Amino acid sequence: MSNGSPRVADHIMSTLTVAGVSHVFGVGGANIEDLYDAAHRTDGRIRAVVAKHEFAATCMAEGSVRARGGLGVVMATSGAGAMNLVPGVAEAYAARVPLLALVGQPPRDLEGRGAFQDSSGRGGAFDATELFGTISRFCARVDDPAETDKLLAAAIDAARSPRGGPAVLLLPKDVQQAPAAGFAPVDLLPTSASGPAPGRRAAAELLARTVAAGGEILVVAGDGVGHADARAELAALVARLDAWVAVTPEGKDTFPNDDPRFVGVTGAIGHPSVGRRLAAAALCVLVGTRLPVMARAGLDAALATVALVAFDPEPPFVAPADGVPLVHVDGDLRAELRAVVELLADAPPARAVRRDPAGHREYLVTPPLDAPGVRLPDAVRAIGDAVPADATVVSDAGNASAAAVHHLPVPPRGRFVIALGMGGMGHSFGAGIGAALATGRRSYVLTGDGGFYAHGMELHTAVEYDAPVTFVVFNNNAHAMCVTREQLLQHADYSYNTFKPAYLAAGVAAMFPSLPAVRVGTADELRDALLATNDRPGPALVCVETDPAETPPFVPFLRLLTESTIPPGGNRAEHVPPVG
């Protein structure tokens, strides 16, 4: 128990306020309780939010960053608490989200001697440093209180570096409790700076030549634009090039979806118009994306033959054919985009392209379905009619996410979040709550019943903290995308992925009397129910009934459905990205 004197735990919290942190998310426990006590002693400068599960807490921290920017912080105790962080930290690593995980450990004098929840690597215990080191940009144990400042500054610097991602500090309980008298304020390292990227001038020259020749340019923007707060710089580059713009599913909010230059989303859940523009392009510019499989599915052949400029701290996953130019510009995304636009200042202006103000997106056509329930496109359009202009929309894995990515425009002043790094079901519950608490604005969580069963009890967290979140649950009593895969790829006469019916809205209403929870059966009812929740100060849930037999707007599935012959007993799963 604290006697009022500053401890290492208090010093850490003071440093986080200097770093601009306003919320920390986590789950309590004996070996992390001192940090929660320290958060309480910040007099409201930092608000500690306790979730139901550490994975969801990590998603809350991550969602707060994706919606607001800055540094996300998650705190968990040792043992199972630390292990429950792993999938969330791995998502932040794959998505390069700046995140700091503060993980409690048993007191140092008990490590290697049978301590409860020991992960020191001593005395036969496994080593948490090695485990987290594989899924973080920085990981260290604070074994000496005097090293707290150095390691904390290095962790924050690594998380906020151009590559970005999670950093992990393992904090023994007695280190957290150690006196911090005389500790000076931490001199946080500046964001890693570097000179001009080696490819900067070559990129500008290739862009200028393409513009001078009247070649069409397609810019593909990813979520790295949002992490780097580079939306304005992206817009300046697009305007200078008069380029077409596509976005990856994770980068859906990086460019206005109603701009005449916008042609849609790339990849497996994308729009055919992107492929047409890429085929016609003389140059493709990647900004803030490495273009992983889900974002480039169906585009590999065209990408192999088009000149490529890639603005990203890491090289792209695509490689043009021999003789086709590829220029990689690494370094700080904002700085590099600004510099290239300046280098293009004296180049001839781009030839203006006539564009239809109504937009150029082409949508996938999914098979009709004569079954009860609301069709996914109709449900998503109803959501689009209701979602506030400044809301954050968080989409979960599965059929609901495919429909949202394909059909839902991003609110004009809002954000769009989806976790395709690890693709964990239920991610949206934590991320939506974190986004709402960080911004103070309403979030919309779009999830299937599978996501609800995984982490839906974070509803309790939303109720507890009065978070302005509207949870939209697409209930089809199934892991529906897995059902589609069973039928389409395995030619199955079985299903492991259909469930007995459940009345989710009625159950939630009974559990949480203060939370409005309704079930709707038509798109109009969905729209009206959502509009009724927007002015509420706290959470609400709307459950919309859908059908597991509906084929989502997922390009590989639709291609298989249009094939003239399907070999009996054939297994073509290797041709389809292995999403759940």
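Because the model is predicted, local features need pLDDT of at least 70 and side-chain atom pairs count only at pLDDT 80 or more, while totals for chains, interfaces and linings use all residues. Residues are numbered from 1 along each chain as its sequence is written, and side-chain values use heavy atoms, with hydrogens and water left out.

Two cavities of 30 Å³ or more were found (a cavity is a set of points on a 1 Å grid over the protein atoms alone where a 1.4 Å probe fits but cannot get out; lining residues have an atom within 4 Å of a point; points are joined across faces, edges and corners, and a volume is the space filled by probe spheres set on them). The largest holds about 40 Å³ and is lined by L218, V220, T266, L278, C284, L291, L299 and L303. Its lining has seven nonpolar residues, one polar and no charged (Ala, Val, Leu, Ile, Met, Phe, Trp, Tyr, Cys and Pro count as nonpolar, Asp, Glu, Lys and Arg as charged, and the others, Gly among them, as polar).

The second largest cavity, of about 30 Å³, is lined by A208, V211, R240, L241, L344, A347 and P348. Six lining residues are nonpolar, none is polar and one is charged.

The second largest pocket (an open set with protein on both sides within 12 Å along at least five of seven lines) has a volume of about 750 Å³. Among its 37 lining residues, P98, G226, H227, A228 and D229 lie nearest its centre. By class, the lining has 13 nonpolar, 10 polar and 14 charged residues.
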